[in-house]
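This briefing sets out selected features of the structure shown below.

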Amino acid sequence: MNRLFGAKNPGPKPTLSSAISTTDSHVESLDVKLAKLNAELTTYQQRMSKMRDGPGKTALKQKALKILQRRKMYEGQRDQMQQQSWNMEQASMMTDNLKNVMTTVDVMKSTNKSLRKQYGKVDIDKIERMQDEMQDLMEVGNEIQESMSRSYDVPEDVDEAELDAELEALGEEAEFEGGLGMGQGVGEMPGFMQDEVPSFIDEPPEGAKVKEAAG
């Protein structure tokens, strides 16, 4: 049977990419042929423009017409192949887009599955209890801070009028004591300290030493 109908080709099946490449190669070869025909037509046109009407010009014109027919045929084939290549490129783009969509769907499925598994381990009630405990602890901490920052023996409400009066009285007392001190000599000891020396003074004043020497 294989001798009559031939064996199947074991090679790989053609793909869109290979078919597009093959078609583009045919289009390029047709472009080369069309460029040659255009060059021949230009040559014939230049020659006919210099010739007079007659058999020679008519024969040259016939050749140019045949070249024009071939050019139209090649142009038709090139247009068809270009359209085929464009159609295959569109099909290839649609295939790539479909692959991307399927890949995205698979990724989303696996992601959703993983999220469901992870969220299934989360206890919302436990998180709420933890938040409540944290709030209670913060309130306790604030109470501790307020307690630690409490002042001692300082009245919370101070009357500014009373404070001004006390300051004025202190000022008058200082002036009074200063007036008493002006009646004594500079450097002299007050009278109430001349007879006896307080225990916290290491050495008696100079006046006391003089009295002891005289006695």
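**Salt bridges and surface charge**

Lys57 is partly exposed, with a relative accessibility of 23%. Its side chain meets that of Asp53 in a salt bridge, at 3.1 Å from N to O. The model is a predicted one, and a search of the whole structure finds four salt bridges.

**Salt bridge between Lys57 and Asp53**

- Asp53, the partner of Lys57 in the salt bridge, counts as exposed because its relative accessibility is 71%, and the cut-off for exposed is over 50%.
- Lys57 falls in the partly exposed class because its 23% lies between the limits of under 20% for buried and over 50% for exposed.

- Arg71 and Glu75 form a salt bridge in which the closest N and O atoms are 3.7 Å apart.
- These two residues are four positions apart in helix α3, so about one helical turn separates Arg71 from Glu75.
- Arg71 is partly exposed at 23% relative accessibility, and Glu75 is also partly exposed, with a relative accessible area of 28%.

- Arg78 forms a salt bridge with Asp79, with 3.9 Å between the closest N and O atoms.

**Tyr74 and the annotated region**

- Tyr74 belongs to helix α3, which covers residues 55-119.
- With a relative accessible area of 12%, Tyr74 is buried.
- Between Tyr74 and Asp31 there are 43 residues of sequence separation, while their C-alpha atoms are 8.3 Å apart in space.
- An unreviewed UniProt entry annotates residues 27-54 as "coiled-coil region".
- In the model, residues 27-54 are 86% helix and 0% strand, and the end C-alpha atoms of this span lie 39 Å apart.

**Negative patch on the surface**

- A patch of negative charge on the surface gathers Asp123, Asp125, Glu128, Asp132, Glu133, Asp136, Glu139, Glu143 and Glu146.
- Glu143, one of the residues in this patch, is found in helix α4, which covers residues 124-148.
- The relative accessible area of Glu143 is 54%, so this residue is classed as exposed, the cut-off being over 50%.

Notes:
Residues are numbered from 1 along each chain as its sequence is written. This is a predicted model: local features need pLDDT of at least 70, side-chain atom pairs count only at pLDDT 80 or more; totals for chains, interfaces and linings use all residues. Side-chain values use heavy atoms; hydrogens and water are left out. Patches are made of residues with over 30% relative accessible area and no salt bridge: like charges are joined within 9 Å, nonpolar side chains (Val, Leu, Ile, Met, Phe, Trp, Tyr) within 5 Å. Accessible areas come from the Shrake-Rupley method with a 1.4 Å probe; for residues, only the protein chains shown count as cover. Lys and Arg count as positive and Asp and Glu as negative; His and the chain ends are not counted. The place of a charge is taken as NZ of Lys, CZ of Arg, CG of Asp or CD of Glu. Buried means under 20% relative accessible area, exposed over 50%, partly exposed in between (1.4 Å probe, protein chains only). UniProt positions are given in the numbering used here, feature names are shortened, and annotations may be inferred rather than shown by experiment.
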